[in-house]
Every structure is written in C-alpha cells, then in structure tokens.
Amino acid sequence: MPNEQYFSKLQRVQELVVTTVLGDLPALLLGPKLRSLGYGSIFAQIGSPIYIQNGVEFNGTSCIEIGSGVYIFKGVRMDARGHKNNKIHLGNRVAIERNVDIGCLKDTCIHIDEDTFIAPNVCIEGPGDIKIGKHCMIAAHSGIYANNHNFADPMELIKYQGVTRKGIVIEDDCWLGHGVTVLDGVTIGKGSVIGAGAVVNKDIPPFSVAVGIPARVVKNRISKDLAKVQTEK
C-alpha cells in the first residue's frame, strides 16, 4: 500500500508538471502539436493525431484513454481521480466541445464511443458507469447523471444518506436535443431522438422519439415490423 500511494503521488506530480507546462500553450506556439506529443507520457492511452486546445483541465490522466482523431476544445474538464479502477475512454474521432464536464467518483467507467459529438456545456457525471455509443449527438446544456441521492430518512441530512448508482446506457446513433437530462438507471435505445428539455427517467425503446417531463415516447421512427427485426438483431 505505501508503494502504491507513493506511485500515485508521483503520477500526480508528473501530471501537474506536464499539464501546467503544455496545457495553456496557444495554437500560435504549436500548443496542440506539443500536447499531442507530450501527453503520451501521462495518459493511459493516447492516439494520433489528436487536437487538444489550450485551457483543458485533466485530472487522473493515468485512468484516461483517448483514441485517434479526437478533438477536445477549450474549457473542458475531465476528472478520473478517486480510484485506480476509474476509467474515462474517448473512442476514435470523438469531439468534446467547450466547457464540457466529465467526472468519475469511485469505481466509475465513462465510455464514449467513436464518432460521437458532445456539444458545449454538457455535464457527464458518475459514480455509476456511463456508456454512450457510436455516432451519437448530445446537444448543448444536457446533463447525464449516473447517481441519485437517497433521502428516505427525514431526520438525517440528505448528503449523509448515500447514493444509488445503477448506470446509464445511451446506445448508438442517438440524438439528445438541447437541455436534455438523463437520470440514473436509464437505457436509451439505438436510433432514438430525445426532444429539447426532456427529462429521461425510464428506458426508451430503440428508434423512438421521446419528449416532455418526464420523457414519453410519442413516435417510432420506423414501422413496427422493422422495429421488431432491428430489436431482435
């Protein structure tokens, strides 16, 4: 245990040195190029080419995997600290726009698969596992929260009653509109569209269009027969 703690502290010092030196270099000083080269020493995995703009905050880089062709823009915060089993994975060609916040707690895996786009000011938070599939589009100001506070005992402060962590799955080719909130324990089926401002608190079948608070399915994108075939595959 002492050796593990020492190694963790050493990793944190190395992370701080590298990100402090390279993190705020602007494009005019070849910042993105230098970051793509220098960050290979602190991340669990990093592909090539990648583009990381200046002003991105990383914590727990030894638990972060970044694929090839990934774009991460200014103001993004990615935090995988809290446990050695945490993992944040960005697949190939993922784009993370400005001011997105992605965070783990203990034993959390956040997996964003290839060709998915995360728009500005989105929040993606554990501690439950979160899986976002391929070719998804998550619009600005959306929130994906894989936890829920317990509050059954009115005599105890809510913050001391713990949380549940069932996890969230957003399958391939989903589009979440502006300001959508996805709550813990939800699976959004492949090819679904969630209307702006919706609050998703229960599962959404594949190829659905869902709107409202709470979100309810108002339309299926394909015929019932074809939907059945797609679901069975």
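## The sheet and its edge

Three bridges join β3 to strand β6 (residues 77-79), and the two run parallel. Strands here are DSSP E runs of at least two residues, helices are H or I runs of at least four, and both are numbered from the N terminus. Two strands pair if DSSP finds at least two bridges between them.

Zooming out, seven strands make an open sheet with parallel pairing, in the order β3-β6-β9-β12-β15-β20-β23. Its edge strands, β3 (57-59) and β23 (199-200), each pair on one side only.

## Ground rules

This is a predicted model, so to speak of local features takes pLDDT of at least 70 and side-chain atom pairs count only at pLDDT 80 or more, while totals for chains, interfaces and linings use all residues. Residues are numbered from 1 along each chain as its sequence is written, and side-chain values use heavy atoms, with hydrogens and water left out.

## Aromatic pairs

There are six aromatic pairs, counting Phe, Tyr and Trp rings (the six-membered one for Trp) with centres within 6.5 Å; planes under 30 degrees apart are stacked, over 60 edge-to-face, the rest tilted. Y39 and F58 are edge-to-face because their planes stand at 85 degrees, with centres 5.9 Å apart. Y39 lies in the loop between α2 (31-38) and β1 (45-46) and F58 in strand β3, so the pair ties together parts 19 residues apart in sequence. Both Y39 and F58 are buried (under 20% relative accessible area, with exposed over 50% and partly exposed in between; 1.4 Å probe, protein chains only).

Y71 and F73 go the stacked way, at 6.0 Å centre to centre and 20 degrees between the planes. Y71 is partly exposed, at 41% relative accessibility.

## The nonpolar core

F58 turns up again in the largest nonpolar core, which has 49 residues; F58, I72, L90, I96, I124 and I188 have the most contacts inside it. Such a core is a set of buried Ala, Val, Leu, Ile, Met, Phe, Trp, Tyr and Cys residues joined through side-chain atoms within 4.5 Å.

I96 touches Y71, I72, F73, V76, L90, I102, I112 and I118, leaving aside residues up to four places away in sequence; contact means heavy atoms within 4.5 Å.

## A buried glycine

G128 is found in the loop between β12 (123-125) and β13 (130-132). G128 is buried, with a relative accessible area of 1%. Beyond residues up to four places away in sequence, G128 touches T108, A146, R165 and G167.
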